[in-house]
Amino acid sequence: MTLVHRHAQGTHAPELRAAAARLGRRRFLTGTAAAAALAFAVNLPATGAASAAELDTRKISTDPFTLGVASGDPRPDGILLWTRLAPSPYEADGGLPAERVSVRWEVAGDTSFSRIVTSGRLDAHPEFHHSVHVDVAGLDADRVYYFRFRAGTWISPVGRTRTAPLRNTAISRLTFAAVSCQAYHDGYFTAYKHLAEEDLDVVFHLGDYLYEYAVTAVGGARKYTDRRLPAHFNRETVTLEDYRLRYSLYKSDADLRAAHAAHPFVVTWDDHETENNYAGDTPENDVPPEEFLLRRASAYRAYWENQPLRAPQEPKGPDMRLYRRLQFGRLAQFDILDTRQYRSDQAYGDGWQVPGPESENPARTLTGQAQERWLLDGWKSSTATWNVMPQQVTFSQRRNLPTADFKLSMDAWDGYPASRQRLMNGVEAAGLKNFMVLTGDVHTANAYDLKKDWNDPESRTLGTEIVATSISSGKDGTDKPADWAAHMAANGHMKFYHGRRGYVTVALGVQEARADFRAVSAVTKPGAPVTTVGSFVTEAGDQGLRPA
């Protein structure tokens, strides 16, 4: 979808606009990330006498834990815990003054917190919108823990989390879910209610955690009759305040809060957390470069403030190192990608196009050179049974027609075939026997075999791709989208295509992996049940999906 953005000159924070004015076009002409990081290193918490005054927590008269709790990026010895204080989440300041708040955190081995394992205290700073990131260490591996926060007399909901197994431990099973694309204005997050009740070790969010588009007073397709949302949601997000408020809206959803409280999340973004189909430093529409840098810096900062991410992921202006690696015993290595921040601009003006010299230019990249090298090197050193790559856009070739005049999506890996081929070569060079790609973006559930030669169905299968449908984006959907027959006929390596909302669970074992596609019948009204609409397995050492 293409929108015309009208950026009001007075909407960004003065200190950010001043930094952008100093930066000008320098970043775009030189690619100097360090200069951009320096220019945007503003409005950070000060220390010592210059720090914000401390709020007397007795003055917090209403529950500050309205946005729930979350955990993320499990390690064998620790976990990242998150919350954000917001007594009035739909207000720009969250209902708190520009003062730091002392917050106590507790981790226990039981839900009653009679066996507190570790605890501590830290400040929630107004500069970070009173968000709290606690990097807890010293925990036992492969164990369930419970956590909560305290601010004055207020106590947060209890969260459940789990640490990863020791890296060299032989484990027999790991169960995770993949989710993506949760447009608030397209419907209820019913799928998250069911996800919270699943027995999982971890959840991977593959992007589009929020959407920049306007949300009406009745919540768009939710059609609220019991409330009216504030008017400031009914505009596109551009400024830091806009993005912060939009996270408040999304995280006020009870089903999303339940999922975060039930499982640790590993998050990565796609485009809508910033702007539809942006590519690296290139915005969707023609706006001054410094304006887009301001928007990207604002979006990235709000993302970090509202996600369970560690300090290495804290953004430096319009730059944020989000790609990272997690290991779960000897069974699985997860290489989480960012296919948005470093990519070349989409070929042929984006959309579905006939491929040609522009899209097939070998210099084009979806990951950027540094991330690509990090990924390939990580595969070479991997000793895991399963190597899983959570990322955003469809990796497999996906023709729209079974005829010679087919088109491909320029926003997906099909628009960057040389970049994809370098990874496929890397899979073979590293000798990966069990390679799996996790994908979101397209609002449908799909399953693919990854072929050595996309045009030869009999060629070697190098791995599999599991595509998680959307949580709500696209509204209710349908079992068979209008292009179902054409896509199935055009892509012999496509084994499944379903158009309802939901998520996918994957159980990795020593002998095989099983994917169960879970779907809800509707999201434009609450309370829909969940069913399994497709199940597939792939055997370890003999890649290729077959119905379970």
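I began with the contacts of Glu54: leaving aside neighbours within four places in sequence, Glu54 touches Glu99, Arg100 and Ser102. The model I am reading is a predicted one.

I looked up where Glu54 sits and found it in the loop between α3 (33-39) and β1 (69-75). Its relative accessible area is 45%, so I noted Glu54 as partly exposed. I also took the C-alpha separation of Glu54 and Asn491, which is 60 Å, with the two residues 437 apart along the chain.

Next I turned to salt bridges. I searched the whole structure and found 35 salt bridges.

I checked Asp73 and Arg324, which form a salt bridge with the closest N and O atoms 2.7 Å apart. Asp73 belongs to strand β1 and Arg324 to strand β12 (residues 324-328), so this pair ties together parts 251 residues apart in sequence. I recorded both Asp73 and Arg324 as buried.

I then checked Arg150 and Glu106, a salt bridge whose closest N and O atoms are 3.3 Å apart. Arg150 lies in strand β6 (residues 144-151) and Glu106 in strand β3 (residues 101-108), so the pair ties together parts 44 residues apart in sequence. I put Arg150 down as partly exposed because its relative accessibility is 26%. Glu106 has 4%, so I put Glu106 down as buried.

My last pair was Asp516 with Arg514, a salt bridge with the closest N and O atoms at 3.1 Å. Asp516 counts as buried at 16% relative accessibility, and Arg514 as partly exposed at 35%. Finally, I noted one network, in which salt bridges with shared partners join Arg104, Glu106, Arg148 and Arg150.

Definitions and conventions:
Residues are numbered from 1 along each chain as its sequence is written. This is a predicted model: local features need pLDDT of at least 70, side-chain atom pairs count only at pLDDT 80 or more; totals for chains, interfaces and linings use all residues. Side-chain values use heavy atoms; hydrogens and water are left out. Helices (H or I, at least four residues) and strands (E, at least two) are DSSP runs, numbered from the N terminus. Buried means under 20% relative accessible area, exposed over 50%, partly exposed in between (1.4 Å probe, protein chains only). Contact means heavy atoms within 4.5 Å. A salt bridge is a side-chain nitrogen of Lys or Arg within 4 Å of a carboxyl oxygen of Asp or Glu.
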